[in-house]
Amino acid sequence: MKQRLRRHIVLIGMMGAGKTAVGTELARRLHVSFTDSDAAIESAAAMSISEIFARDGETFFRDREAEVIARLLERPPGVISTGGGAWMQERNREAIRDHALSVWLNCDLETLWHRVRMRSTRPLLQTADPKGTLQRLLEERNPVYATADLDFPARPGSVEKTTARLIEVL
Ligand code: S3P
């Protein structure tokens, strides 16, 4: 049976922090719906995130991202994972604060790099020095991520264990 959450749980944090994996497991354990905002953008646009960036640019992507997040927040409460840049936009922070508990999956550079380096699909990491880019983004974003309701250390470990730890502190 589906449980009722009082408000959404929105996972934020860098690419590779485990938002989609932990979000899926968290929703399963809480018996609520799970939505990944990037997947919702891709299905609405019938294009991959990389194709949207390449064809229409980042500003266009950020506008679609904000629309999708606003729309998902209007649904009955569930777990929502967001793309790594979503929390950087004030409009998204405001909408999420109004409707959700925001949880920062706080992860160190080496763990993030270990997880993202094999997957070359992230448009922001298509640079000559992807690890350096990841580090720069992490340093720039961490102070903003830190304004989430909950700072949750997503250190290496299985998705199951991480999700169990998260449920304990929710
Ligand atoms: C981005 C992260 C990606 C995706 C897009 C931009 C970012 O999502 O939204 O490539 O700005 O960090 P993940 O965090 O799920 O990789």
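**Note on helix packing, the sheet and the ligand shell**

1. Leu109, Leu112, Trp113 and Val116 of helix 5 meet Lys131, Leu134, Gln135 and Leu138 of helix 6. Residues are in contact here if their C-beta atoms, placed from the backbone, lie within 7 Å. By class, the residues of this contact divide into six nonpolar, one polar and one charged. Ala, Val, Leu, Ile, Met, Phe, Trp, Tyr, Cys and Pro count as nonpolar, Asp, Glu, Lys and Arg as charged, and the others, Gly among them, as polar.

2. Some conventions apply throughout. The model is a predicted one, in which local features need pLDDT of at least 70 and side-chain atom pairs count only at pLDDT 80 or more, while totals for chains, interfaces and linings use all residues. Residue numbers start from 1 along each chain as its sequence is written. Helices (H or I, at least four residues) and strands (E, at least two) are DSSP runs, numbered from the N terminus.

3. The axes of helix 5 (residues 109-116) and helix 6 (residues 130-145) come within 10 Å and cross at roughly 135°. Axes are lines fitted to C-alpha atoms, for helices over the stretch in contact, and angles run from 0 to 180 degrees between N-to-C directions. Helix 5 and helix 6 are therefore oblique to each other; angles under 35 degrees count as roughly parallel, over 145 as roughly antiparallel, 65 to 115 as roughly perpendicular and the rest as oblique. Helix 5 passes helix 6 in a right-handed crossing, a term used if the near helix is turned clockwise from the far one by less than a right angle (left-handed if anticlockwise).

4. Helix 1 (residues 19-30) packs against helix 7 (residues 159-169) at an angle of about 60°, with the axes 9 Å apart. This pair is therefore oblique, and helix 1 passes helix 7 in a right-handed crossing. From helix 1, Ala21, Val22, Glu25, Leu26 and Arg29 meet Val159, Glu160, Thr162, Thr163, Leu166 and Ile167 of helix 7. Six nonpolar, two polar and three charged residues make up this contact.

5. For helix 2 (residues 37-45) and helix 3 (residues 49-73), the axes come within 9 Å and cross at roughly 115°. Helix 2 and helix 3 are therefore roughly perpendicular to each other, and their crossing is right-handed. Residues of helix 2 that meet helix 3 include Ser37, Asp38 and Ile41, and their counterparts in helix 3 include Ile49, Arg64 and Leu72. The contact divides into nine nonpolar, one polar and four charged residues.

6. Five strands form an open sheet in the order 2-3-1-4-5, with parallel pairing. Strands pair if DSSP finds at least two bridges between them. Strand 2 (34-36) and strand 5 (150-153) are the edge strands, each pairing on one side only. On average, neighbouring strands of this sheet are turned by 25° against each other, direction ignored. Strand 1 (residues 8-12) and strand 4 (residues 100-106) run parallel and are joined by five bridges; Ile12 has Trp104 in strand 4 as its bridge partner.

7. Which residues are around the ligand? They are Met15, Lys19, Asp38, Ile49, Gly83, Gly84, Gly85, Arg122, Pro123 and Leu124, where the criterion is a C-beta atom, placed from the backbone, within 6 Å of the molecule. This shell divides into four nonpolar, three polar and three charged residues.

Key:
Contact = placed C-beta atoms within 7 Å.
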